[in-house]
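Please have a look at the sequence and structure first.

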Amino acid sequence: MPVHPIAAVVYKPTDHIEALLARATRALGERGVKLGGVLQHDVANVIEEDPCAMQLENLETGESIPLSQELGRGSVSCRVDPDALARGSVAVRGAIARGVQLIVINKFGAQEAFGAGLRDEMGEAVLAGVPLLTAVGERFLAEWKEFTGGDSTLLPPDMDAILRWWSELQADT
């Protein structure tokens, strides 16, 4: 089976995908891989008054971007801050322009499945010839396959699988 420069870790709700991607990016960075992109981190345990707080980490600079917005008690609207997504977009596009070796975007989730979020930035990485690593929940796997035309490597939620994909990709180039 060919190794594609587009890879998605397929995960279930019970998998700790954010922690896995954080460990994988650390390991790749320690191997000298020049990374760009953004990772989501749940920070509810840090911000006690906001049990759903999230941040984006710019992998190139280490900057933290608050991702959740306070909408008030009883709100059922999406808490993702559009300004944070715009800042994440700028981070990804800038990293591509600066020639990083790998773009990592935390996930192809509901926003991306429906044409928003960081979907365009994923496409830009691919068009620029920069390998892309992301995660996709099982419930959005059909949308992911449609987005990629089936041309991606699907990985289990396993550190060794991610590192092996990167090594095999480098061996092919």
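In this predicted model, the axes of α2 (82-97) and helix α4 (residues 119-127) cross at roughly 5 degrees and come within 10 Å. The two helices are therefore roughly parallel to each other, a label for angles under 35 degrees, with over 145 counting as roughly antiparallel, 65 to 115 as roughly perpendicular and the rest as oblique. Numbering starts from 1 along each chain as its sequence is written. Local features need pLDDT of at least 70 and side-chain atom pairs count only at pLDDT 80 or more, while totals for chains, interfaces and linings use all residues, and side-chain values use heavy atoms, with hydrogens and water left out.

**α2 with α4**
- On the α2 side, S89, V92, R93 and I96 make the contact, and on the α4 side D120, E121, E124 and A125 (contact means heavy atoms within 4.5 Å).
- By class, these residues are three nonpolar, one polar and four charged (nonpolar: Ala, Val, Leu, Ile, Met, Phe, Trp, Tyr, Cys and Pro; charged: Asp, Glu, Lys and Arg; polar: the others, Gly among them).
- Helices (H or I, at least four residues) and strands (E, at least two) are DSSP runs, numbered from the N terminus.
- Axes are lines fitted to C-alpha atoms, for helices over the stretch in contact, and angles run from 0 to 180 degrees between N-to-C directions.

- R98 sits in the loop between α2 and β5.
- Leaving aside residues up to four places away in sequence, R98 touches K34, E60 and A91.
- From C-alpha to C-alpha, R98 lies 9.2 Å from G36, although 62 residues separate them in sequence.

**α1 with α6**
- The axes of α1 and helix α6 (residues 159-172) are 10 Å apart, at an angle of about 40 degrees.
- That angle makes α1 oblique to α6.
- L20, L21, R23, A24, A27 and L28 of α1 meet M159, I162, L163 and W166 of α6.
- This contact has nine nonpolar residues, no polar ones and one charged.

**The cavity**
- The whole structure holds one cavity of 30 Å³ or more (a set of points on a 1 Å grid over the protein atoms alone where a 1.4 Å probe fits but cannot get out; lining residues have an atom within 4 Å of a point).
- I17, E18, L21, L39, Q40, N106 and K107 line the largest cavity.
- Two or more lining residues come from each of α1 (17-30), β2 (35-42) and β5 (102-108), and α1 gives the most, with three.
- The lining divides into three nonpolar, two polar and two charged residues.

How values were computed
On a 1 Å grid over the protein atoms alone, a cavity is a set of points where a 1.4 Å probe fits but cannot get out, and a pocket is an open set with protein on both sides within 12 Å along at least five of seven lines; lining residues have an atom within 4 Å of a point. Grid points are joined across faces, edges and corners, and a volume is the space filled by probe spheres set on the points.
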